[in-house]
Amino acid sequence: MKFRIRRLRLKNWKNFTEVDIPIEDRVFLVGPNASGKSNFLDVLRFLRDLVSPGGGFEHAVNLRGGISVIRSLAARRDPAVEIDISLAADRDEWQYLIAFSSEKNRKAPVIEKEYVRRNQEILLDRPDEHDKNDPLRLTQTALEQINVNRPFRELADFFGSIRYLHLVPQLIREPNRFALAYDDPYGSDFLYQIAKTPERTRARRFALILSALRAVIPQLKEIELRRDERGNPHLDGKFEHWRPNGAWQNETCLSDGTIRLIGLLWIAMEKGGPLLLEEPEASLHPAIVRVLPQTFARILRQSGRQVFVSTHSPDLLQDEGISPREVLLLNPSKEGTRVTPTNQDNLIRAVLEGGLSLADIVISASGPDHPEQLHLFQSS
Amino acid sequence: MAVEGIVDEAVAKRLLATVGVSPGLIIGKRGKDYLLKKLHGLNSSARSFPWLVLVDQDRDPDCPPALIAKWCPNPNPWLCLRVVVRAVEAWLIADADGLADYLGISTARIPFQPELLSHPKTDIVHLARLSPKKEIRTDMIPAPHPDSPKVGPAYSSRVIEFVLNYWDIDNASKRAPGLARTLRKLRVLKNKLAHDHP
């Protein structure tokens, strides 16, 4: 069964006091620094953490520094944090809702409401009788428990298939300098993920990546995974060279841009749930950024994944195949960040109808109000 | 060369490859307004360096010579400024056999005089709707919403694929006189280049 997120409603989640928006298959998040693009993606990571091995509700909350960090600073009257997500799967319509707050005395996170619905059928509605008899049950979601989640396990599996990627090339180059984390999105474990892939799949993906990269990094002739004497995987690239057989270089010699491109293409080829990409334009040449939306559109049609991209790049938004519905504008205010699909913003709609492109307006509309203050900064 | 976007870039590269010159520096790819703003600067450098500049006429009521006179009244000898009638997609539709082959549709469906089409880009999207290939339809056709863009999510990528692998320029120039003139102009410039800078 293939789930698609169709609507997201948030209350008091980090910078978002109140959000209620439709979600397309491809989503671009734009907004000034610190407007909450990463926090928006973090909602989906939170759902993933609920069901991932070694995860669970309490872990997911603590990983983020506790309820007081998760709860919107702008929240005043209504202290519960709420995530309400609607999904489509084949012909079914699903809903998962979780609301939680902190227990008054213990400060531990407790579930106030958990609700699962498929079409008209309510599969879960907590708190129920059992919860009333044993309040400790409200420190765990039904979603994370395999003995309870049977009627909606597909949904739990779907949340578990959400993948976040924010490759930090330094972590790939020097994995030994950093503690390895399971499924680490920043990439220290990226090479282990590649190494875990069956050899034939890996070879096929490398061949595809190489053929894609041939046009943009023509010097790169081969990519290979090699294990050193301690068994640690390394990414090797063979570059064209004046020596007749080329020269092999390990990943310390691949540039930031090359590593990030390989990572993006690799992850886009994986089958799975929604893909969350943090500023994929980083360290890439604008000419390459310019074709990223096209690249994703084609790869994702094949892998069938939904993709969420946070970006500051006008080159990326220059693509004429991007629909205003796919672009979510994040505007910080004292009452928390507002999220508006650009097709619902009257000014943007008018300007688009006037013939300007999304890139012309969205980046300006999502910029800080007073950038000039930065260069007026005085260090003494 | 200087172009409006990535589709035009692919077309311009094929044009230059056909006449046998390399594209060199590629400027623009930020839309038509940007290109027109840079035109004065490009023309200055065309005193000594050859430039191919492709601009779409789009819905402008003026004809190409009038537009050239307006945008660049004193073109330097090395400037090859071409205004494509309506849009560069017209030149692609002009290779009816190639486009029919790529989309998997009948040649009879392809408009015969593409430079008379008022929205050749929309026409390519319409032709893609007829394609029996689901991937092509998914990539090229926009979602059915009133505020959708004119083209599908991977439209440019598909058109570029066509330009690079299917587009027969000689065949296309038979049905697109503007394309034929552009090729002639480029060949003249190339010969002049060989003569002046052997």
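How many helices and strands are there in chain A? Then, which residues of helix α6 of chain B are buried, and what do they pack against?

A: This is a predicted model; local features need pLDDT of at least 70, side-chain atom pairs count only at pLDDT 80 or more, and totals for chains, interfaces and linings use all residues. Residues are numbered from 1 along each chain as its sequence is written, with chains lettered from A and ligands numbered from 1 in the order in which they are written.

Chain A has 14 helices and 15 strands. Both are DSSP runs numbered from the N terminus: helices are H or I, at least four residues, and strands are E, at least two.

Now α6 of chain B. Seven of the ten residues in this helix (residues 120–129) are buried, so the rest of the structure largely encloses it. Buried means that 20 or more other C-beta atoms, placed from the backbone, lie within 10 Å of the residue's own. The buried residues are P120(B), K121(B), D123(B), I124(B), V125(B), L127(B) and A128(B). They pack against four helices of chain B: α4 (89–93), α5 (96–103), α7 and α8.

Two of those partners also face the other chain. α7 (134–140) and α8 (155–165) each supply at least two residues of the side of chain B that touches chain A. Across that interface, 20 residues of chain B are in contact with 16 residues of chain A. Contact means C-beta atoms, placed from the backbone, within 7 Å.

How values were computed. Two residues are in contact if their C-beta atoms, placed from the backbone, lie within 7 Å. A residue is buried if 20 or more other C-beta atoms lie within 10 Å of its own, exposed if 12 or fewer, and partly exposed in between; C-beta atoms are placed from the backbone.
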